[in-house]
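The following exercises ask the reader to work through one protein model, step by step. Each task is followed by its solution.

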Amino acid sequence: MSNPTISSEERARLLRLATRASVAVALLLIGLKTLVWLQTGAVSLLAGLIDSLMDGAASLINLIAVAYALKPADREHRFGHGKAEALAGLAQSAFITGSALLVLLQGIDRLLHPAPVDDAWSGIAVMLFSIAATLGLLAVQRHVIRQTQSTAVGADALHYRSDLLLNLSIIAALVLAHLGIQRADALFGVGVALFIGYGAVRIGIDAVQILMDHELPDEVRSEALELARNVQDVVGVHDLRTRQSGQHWFMQLHLELPASLTLAQAHERGEQVRQAISARFPQADVLVHKDPA
């Protein structure tokens, strides 16, 4: 659940910070891995390079999508542009799946046709640097996700976490290859490809859930219902419907109020419910319908 006290301006600043840091780290690692792969020819390093290329493309999509998602609602998009984040997550899923297939094919080919790995220690040095850079980026992303619950940044962080395993496996593969176990490089490449593919499926499912207007978590719904029931004269609450669009939540609910209340009194109770829920969840747009009990 996102931080209910954070302002929309601070949320936007954090999202921009996370997306720009992601692009910067991806570009740096692409350059380093390209140089070292050309030196070593290791398929596990190629797996890391392809993964970084996909990371860079996905992070760039994230940067553009988040900037678009942060635009305020306009005449053509009355509910805002928040679903651009979920579209970015879906695009990331496609990119990561593509990278997994490329690495898998290359790994299988190298299993069938083993080749020696040259200058393994250069590759190991780059992988250690990649791990340090990725840990720094993940620290930034973890803070942003905790504050904003961004789908796009969450998807970005998921495949950067998978990069940690990828980089460690590449180090192991290079060490084993240096010791003469040539197929270890290819086996690790295949294993990483399967792991990346699994992560891509998870990212895609999360993005589709948001695009299909999946309900907010049960604990959020329960708390919203409890806040509504605690308002004076509210007899019952039903038909709560929720969905998420980027950083914005939308909630609709029906209040059951005594039929003896005047229209002005019923409106006041509905406004009290709206304010109570909005105070707890500032990112929520709350629509309240009043029914006579």
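**Exercise 1. Ala228 and its surroundings**

Task: State which residues Ala228 contacts, leaving aside its neighbours within four places in sequence, and decide whether Ala228 is buried or exposed.

Solution. The model is a predicted one.
Step 1. Beyond the neighbours within four places in sequence, Ala228 is in contact with Val234, Val237, Leu253, Leu255 and Val273.
Step 2. The residue itself belongs to helix α7.
Step 3. The relative accessibility of Ala228 is 0%, and the cut-off for a buried residue is under 20%, so Ala228 counts as buried.

**Exercise 2. The packing of two helices**

Task: Describe how helix α7 and helix α8 pass each other, and name the residues that meet.

Solution. 
Step 1. Two packed helices are described by the angle between their axes and by the distance between those axes.
Step 2. For α7 (residues 218-229) and α8 (residues 263-280), the axes come within 9 Å and cross at roughly 140°.
Step 3. The crossing of α7 with α8 is right-handed.
Step 4. From α7, the residues Glu223, Ala224, Leu227 and Ala228 meet Val273, Ala276, Ile277 and Arg280 of α8.

**Exercise 3. The nonpolar cores**

Task: Identify the residues of the largest nonpolar core that touch the most other members, and find which element gives the largest share of this core.

Solution. 
Step 1. The largest nonpolar core holds 35 residues, of which Leu45, Met127, Val144, Val153, Ile170 and Leu174 touch the most other members.
Step 2. Two or more residues of this core come from each of α1 (8-40), α2 (43-69), α3 (84-112), α4 (120-148), α5 (151-178) and α6 (183-211).
Step 3. The largest share, ten residues, is given by α5.
Step 4. Another core, of 22 residues, lies apart from this one; Val234, Leu257, Ala266 and Phe281 are among its members.

**Exercise 4. An aromatic pair**

Task: How many aromatic pairs does a search of the whole structure find, and why is the pair of Trp249 and Phe281 classed as it is?

Solution. 
Step 1. The search of the whole structure finds one aromatic pair.
Step 2. The ring centres of Trp249 and Phe281 are 5.5 Å apart and the ring planes stand at 45°, so the pair is tilted.
Step 3. Trp249 lies in strand β2 (residues 248-257) and Phe281 in the loop between α8 and β3 (284-292), so the pair ties together parts that are 32 residues apart in sequence.
Step 4. Trp249 and Phe281 are both buried.

**Exercise 5. Two residues with positive phi**

Task: Determine where Asp213 lies and where Asp239 is found, and give the phi value of Asp213 and of Asp239.

Solution. 
Step 1. Most residues other than glycine have a negative phi.
Step 2. Asp213, which is not a glycine, has a positive phi near 60°, and this residue lies in the loop between α6 and α7.
Step 3. With a relative accessibility of 33%, Asp213 counts as partly exposed.
Step 4. Asp239 also is not a glycine, and its phi is positive at about 55°; Asp239 is found in strand β1 (residues 236-245).

Technical notes
Residues numbered from 1 in each chain as written. Predicted model: local features only at pLDDT ≥ 70, side-chain atom pairs only at ≥ 80, totals over all residues. Heavy atoms only, no water. Axes fitted to C-alpha atoms, helices over the stretch in contact; angles between N-to-C directions. Helix = DSSP H or I, 4+ residues; strand = E, 2+ residues; numbered from the N terminus. Left-handed = near helix turned anticlockwise from the far one by under 90°. Contact = heavy atoms within 4.5 Å. Core = buried A, V, L, I, M, F, W, Y, C linked by side-chain atoms within 4.5 Å. Buried < 20%, exposed > 50% of the residue type's maximum accessible area, 1.4 Å probe, protein only. Phe/Tyr/Trp six-rings, centres within 6.5 Å; stacked < 30°, edge-to-face > 60°.
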